[in-house]
Every structure is written in C-alpha cells, then in structure tokens.
Amino acid sequence: MNTPKTDWPSSLDDKELDELDLYLRAHVGEGDLLLDGVHGLLSALAVGPMQVLPEEWLPEVLHEPFADEAEGNRVLALLAKLNDSISAELDVDAYEPILGEVETEAGPVLSAAGWCEGFSRGIDLRAGLWEKRLADDPQLMELLGPVMALAVDEGILNADAEFEKLSDDEYDECLAQVPTVLGAVNHYWHEHPATEAELEAAIRPAEEAEPQHPPPRQRSGHWVH
C-alpha cells in the first residue's frame, strides 16, 4: 500500500524539520546526533522489542539545559512529534528515513551514516534483548540485512569478516529497502515478543554495565527527507 503524501499522518513539515535541525546543530558536541541520527534512534525504538520512554532516550539527544522555558517546550514538542510520526508512517507505508547529504568531488550525495549511527544507539538502549535474539534467531538478522550492510559500509558497525565497499547501486538498493526492513522488524517483534527469560537476562545492574563510548561522527552536511 502506497499512501498519497497528502494523506500521510501528521509529521513534521519542512519548516519544523529545519527548526529542529538548526537547534541540534547549534548545540552539537563531538559524537552527538544530528537530525538524521535522531530519526534513526527513534526509528530503532519504534520497531524494537519493548517501549523506551522519553526520559530514557532524551539524554541521547539533548545534552545541555535549554536557554529558556519557551525554547525547551518547543524543542520537546518537535521531538515528540517526530517520535510519534514514525509509527504512524510505518502503519500506512509512508515512512522515509531522514538522511544526511555530504559533499564529494562529484557533488552532494546521500549518506545513511548518521541515520545508521542513531539506529545503532537505539538498539543499544535495549542491547540485551536485541543481542540475545539476534544470536538465537537468524531470521531477525536476515530481516535487518540491508540496514546492517549500510552500517558496516559506513563504519558504524564492525564486522567479523572483511567486506568490500558497497557499489553505488548496492548502496542505493539498501537505502530503498530501509522502510520495508523497519516494517518487517516491527512485525517480527509483535509476532515474537521478548520472553520473560529474555527480559530477565537483559536486566543487569548499572554498575555491571560496560561504559558506553559514542562513535565519532564521520560526516557533516545537511539532512535530506
């Protein structure tokens, strides 16, 4: 089902996306997510094994106090709208990833690096559940194949074996499959929810958790949607 754009769920319009993009760029530090990364993070949470509340994911996005209450309320409202739009868009086959655009000698090209970085951090927020299921069920790894290929190609994920860089056509094909991948993964977790044993195994005391070091940003540029 392809829903006409005029019938899409309420999502951020270009002006709102620009506003959120400008705020994030004005408050970005080394390793912090930009708009494409935030969209990847929220996308992973939307299709993941269990709910992640805003108080848990907001620290991945916001890293300093707001200048004033009005600014804070506006940014939080934009983030909430972006978050809500993902599941709504997936429901009507209208999802599109927000991608970065980087300059090359041949001109600007789309980059999934930021989106993949955010997606990987979203998985990290429920790493125990994802890692156990990925190890136990090859179907989930297969479903995630195109996203994993992009993440490895961009250096976001490390692979056990050496892989050749994706060709331009292969890269574009993986990008085109992202909406389908997310829909399939979302369906997978609904059909095969986390078991009680998996939930118990995924809970570790905070002091036992390994420290998280965010990966370095590997690109700059502008978001494209």
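**Entry 1: the whole chain**

In what order do the elements of the chain run from the N terminus on? I read them off as α-α-α-α-β-β-α-α-α-α-α-α-β. That comes to 10 helices and 3 strands, where helices (H or I, at least four residues) and strands (E, at least two) are DSSP runs numbered from the N terminus. I kept in mind that this is a predicted model, in which local features need pLDDT of at least 70, side-chain atom pairs count only at pLDDT 80 or more, and totals for chains, interfaces and linings use all residues. Residues are numbered from 1 along each chain as its sequence is written, and side-chain values use heavy atoms, with hydrogens and water left out.

**Entry 2: confidence**

I looked up pLDDT, the predictor's confidence in each residue, from 0 to 100. The chain averages 87, and 85% of the residues score at least 70. Helix 2 (residues 35-46) has the highest confidence at 98, while strand 3 (residues 222-224) has the lowest, at a mean of 51. Over residues 211-223 the pLDDT is below 50, yet this stretch has 40 contacts in the model beyond near neighbours in sequence; a contact means heavy atoms within 4.5 Å. Where pLDDT is low, the predicted coordinates should not be read in detail.

**Entry 3: helix 1**

Next I followed helix 1, residues 14-26. Its 13 residues reach 18 Å from the first C-alpha to the last, close to the 18 Å expected at 1.5 Å a residue (the expected span is 1.5 Å times one less than the number of residues). Which residues of helix 1 are buried? I found Glu16, Leu17, Leu20, Asp21, Tyr23 and Leu24. They lie on the same side of helix 1 because they cover an arc of only 165° around the axis, taken from the directions from the helix axis to the C-beta atoms. The face turned away from that buried side carries the exposed residues Asp14, Lys15, Leu22 and Ala26. For these words, buried is under 20% relative accessible area, exposed is over 50%, and partly exposed is in between (1.4 Å probe, protein chains only).

**Entry 4: Leu143**

Last, I picked Leu143, which lies in helix 7 (residues 138-143). Is Leu143 buried, exposed or partly exposed? Leu143 counts as partly exposed, because its relative accessibility is 24%. Leaving out residues up to four places away in sequence, Leu143 touches Val181, Ala184, Val185 and Tyr188. Leu143 and Ala184 are 41 residues apart along the chain, but their C-alpha atoms are separated by 6.8 Å.
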